[in-house]
Amino acid sequence: MGTMGRAFYAVGFWIRETGQALDRLGSRLQGNYLFQEQLSRHRTLMNLFEKAPSVAKNAFVAPNASLTGEVYVGPSSSIWYGCVVRGDVNSVSIGSGTNIQDNSLIHVAKSNIAGKVLPIHIGDNVTVGHSAVLHSCTVEDEAFIGMGATLLDGVVVEKHAMVAAGALVRQNTRIPSGEIWGGNPAKFLRNLKDDEIAFISQSATNYANLAEAHAAENAKDFDKSELEKVLQKKFTGQDGEYDLKAGVVG
Amino acid sequence: MATITRLCRRILPRAQSTWVPGRDFSAEAAQAAENPAPPAPLIRESPDRVKWDYRGQRQAIPLGQWAPKIAVDAYVAPNVVLAGQVVVWDGASVWPGAVLRGDLNKISVGFCSNVQERCVVHAAWSSPTGLPAETLIERFVTIGAYSLLRSCTIEPECIIGQHSILMEGSLVETHSILEAGSVVPPGRRIPSGELWAGNPAKFVRALTHEETLEIPKLAVAINDLSRSYCSEFLPYSTAYLEVEKLKKSLGISI
């Protein structure tokens with residue numbers, strides 16, 4: 001850089017520093033000390049002393065999910081946005097091809113009234129719906145937990161069973177294979193038809209594919225995502241919605 | 001104590017360091033002795049998986065050529081994840097912790113509507129009714145906190161109570177209110193001007209005309225609240241300054 005270039009750079013630097021100092025001054029006047037805060041300190045995979053999560057390489061873990069403690073996630077599984085999987089007190093193991101959908105909570109108990117503390121085992125190809133709450137339960141392969149369901153301590157969901165949306169499954173309930181349980185408290189609703197059982201494994205596969213797309217997108221670094229934004233603006237044609245917004249009729 | 005643990009972690013091999021003294025006496029050990037749990041699968045931690053990413057979670061995640069569109073005066077909290085085909089129209093607000101996943105189908109949050117805290121809005125591939133399975137939230141709708149919406153259509157001026165679950169293909173007609181905690185089964189229609197509640201949702205009573213007039217007022221009130229949240233954020237964040245500082249301190253070239 002020539003002398004002129006260096007001079008410009010230095011002046012630019014002074015202006016930036018002044019600007020930042022002014023920003024901090026303004027914040028102090030507002031009583032806002034946020035400028036002292038560091039960046040996002042959210043840790044997707046967080047260990048507690050010697051217990052660290054062990055996640056397979058091709059599993060998708062959303063950046064704002066929290067995996068803490070002793071958590072094992074198998075290959076092709078996905079942990080979606082906002083999930084909290086806490087293996088702090090006991091271990092959580094999630095099989096392969098399983099998807100834990102958005103905002104779910106998987107937690108293990110330290111002690112409960114019955115006195116038995118169980119680690120969580122979630123088998124392969126399980127679908128756990130949005131905002132489910134799983135507390136110290138066992139879910140066997142190819143089961144389906146509907147969205148918003150709450151599974152309390154000691155629940156065992158057998159293979160090919162389904163828990164309906166919004167169900168509250170009480171402690172130590174065993175949901176037998178091929179049945180749908182639902183309601184609050186969860187009761188037997190009906191048996192699963194064959195095509196519904198096939199649908200369960202199909203949905204797990206669908207989610208695994210979806211997870212790959214999300215994983216690729218979330219892993220993009222800043223330059224790549226900015227470049228894509230620019231390309232989008234340039235090359236994407238204006239769709240019908242834009243015309244509606246602009247008031248173009250017909 | 002923490003230093004000692006860290007030293008131990010380095011010295012001892014991995015498998016041994018998970019042994020905690022005193023375990024033999026706990027209830028869990030007795031339990032494990034009765035029915036031994038299947039051995040935890042041996043998955044080696046991948047060294048290139050990032051444990052901490054200073055960027056956090058991006059708010060708008062484009063998938064392929066579908067990018068989320070947020071209107072200029074809509075408030076979307078920084079905590080929110082919008083993925084795929086999501087359109088947030090003018091005056092709408094999406095509150096912290098919500099996840100709007102338009103990866104399989106379209107999601108649209110209408111004018112002056114609000115999706116409150118911790119909601120999950122998703123759209124399935126296909127709906128059991130055979131109609132398009134997009135999630136359409138029309139104008140002046142209030143979706144209470146912690147709700148789950150999946151491929152449903154909510155017509156103008158409704159209130160969905162907190163922690164409610166609307167399953168695929170459900171239709172909530174205009175001027176109706178769903179109480180908190182209600183679960184609407186797939187394909188169910190909530191008729192216009194009625195109050196429904198329960199799991200599964202059942203008819204409670206018809207709404208009076210005054211109550212019907214209150215519905216858009218609630219949406220507008222929450223829109224006002226979102227204005228004050230919006231004004232807390234400058235048009236551009238100065239997070240990049242922190243990133244620069246961090247990179248400098250770590251010696252990474254900018």
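Modeller: Ring pairs link Phe60(A), Trp80(A), Tyr81(A) and Tyr207(A) into a cluster. Rings of Phe, Tyr and Trp (its six-membered ring) pair if their centres lie within 6.5 Å; planes under 30 degrees apart count as stacked, over 60 as edge-to-face and the rest as tilted. Bear in mind that this is a predicted model, where local features need pLDDT of at least 70 and side-chain atom pairs count only at pLDDT 80 or more, while totals for chains, interfaces and linings use all residues. Residues are numbered from 1 along each chain as its sequence is written, chains are lettered from A and ligands numbered from 1 in the order in which they are written, and side-chain values use heavy atoms, with hydrogens and water left out.

Colleague: How many aromatic pairs does the structure hold over all chains?
Modeller: Ten. Take Phe60(A) and Tyr81(A): the ring centres are 6.1 Å apart and the planes sit at 75 degrees, so that pair is edge-to-face. Phe60(A) is in strand E3 of chain A and Tyr81(A) in the loop between strand E5 (78–79) and E6 of chain A, so the pair ties together parts 21 residues apart in sequence. Helices (H or I, at least four residues) and strands (E, at least two) are DSSP runs, numbered from the N terminus.

Colleague: Is Tyr81(A) buried or exposed?
Modeller: Buried, with a relative accessible area of 0%. Buried means under 20% relative accessible area, exposed over 50%, partly exposed in between (1.4 Å probe, protein chains only). Phe60(A) is buried too, at 4%.

Colleague: And which pair do Tyr75(B) and Trp95(B) form?
Modeller: An edge-to-face one, 5.6 Å centre to centre with 70 degrees between the planes. Tyr75(B) belongs to strand E3 of chain B and Trp95(B) to the loop between E5 and E6 of chain B, so parts 20 residues apart in sequence are tied together.

Colleague: Switching topic: what does Asp102(A) touch?
Modeller: Leaving out residues up to four places away in sequence, its contacts (heavy atoms within 4.5 Å) include Trp80(A), Tyr81(A), His130(A), Val99(B) and Val120(B). The side chains of Asp102(A) and Arg101(B) are joined by a polar contact of 2.9 Å. A polar contact is a pair of N or O atoms within 3.5 Å; within protein, one must be able to donate a hydrogen and the other to accept it, and residues adjacent in sequence count only if both atoms are side-chain atoms.

Colleague: Where does Asp102(A) lie?
Modeller: In the loop between strand E7 (99–100) and strand E8 (105–107) of chain A. Asp102(A) is buried, at 0% relative accessible area.

Colleague: OK, and the largest nonpolar core: how many residues?
Modeller: It has 49, and Ile79(A), Leu134(A), Val139(A), Ile145(A), Leu151(A) and Val157(A) touch the most other members. A nonpolar core is a set of buried Ala, Val, Leu, Ile, Met, Phe, Trp, Tyr and Cys residues joined through side-chain atoms within 4.5 Å. A second, separate core of 36 residues includes Val86(B), Cys119(B), Val121(B) and Val184(B).

Colleague: Last one: in what order do the strands of the open sheet in chain B run?
Modeller: E3-E5-E7-E10-E13-E16-E19-E20, eight strands with mixed pairing. Strands pair if DSSP finds at least two bridges between them. The edge strands, E3 (75–76) and E20 (202–206) of chain B, each pair on one side only. Strands E16 and E19 of chain B pair in the parallel sense over two bridges, and Ile177(B) has Leu195(B) as its bridge partner in E19(B).
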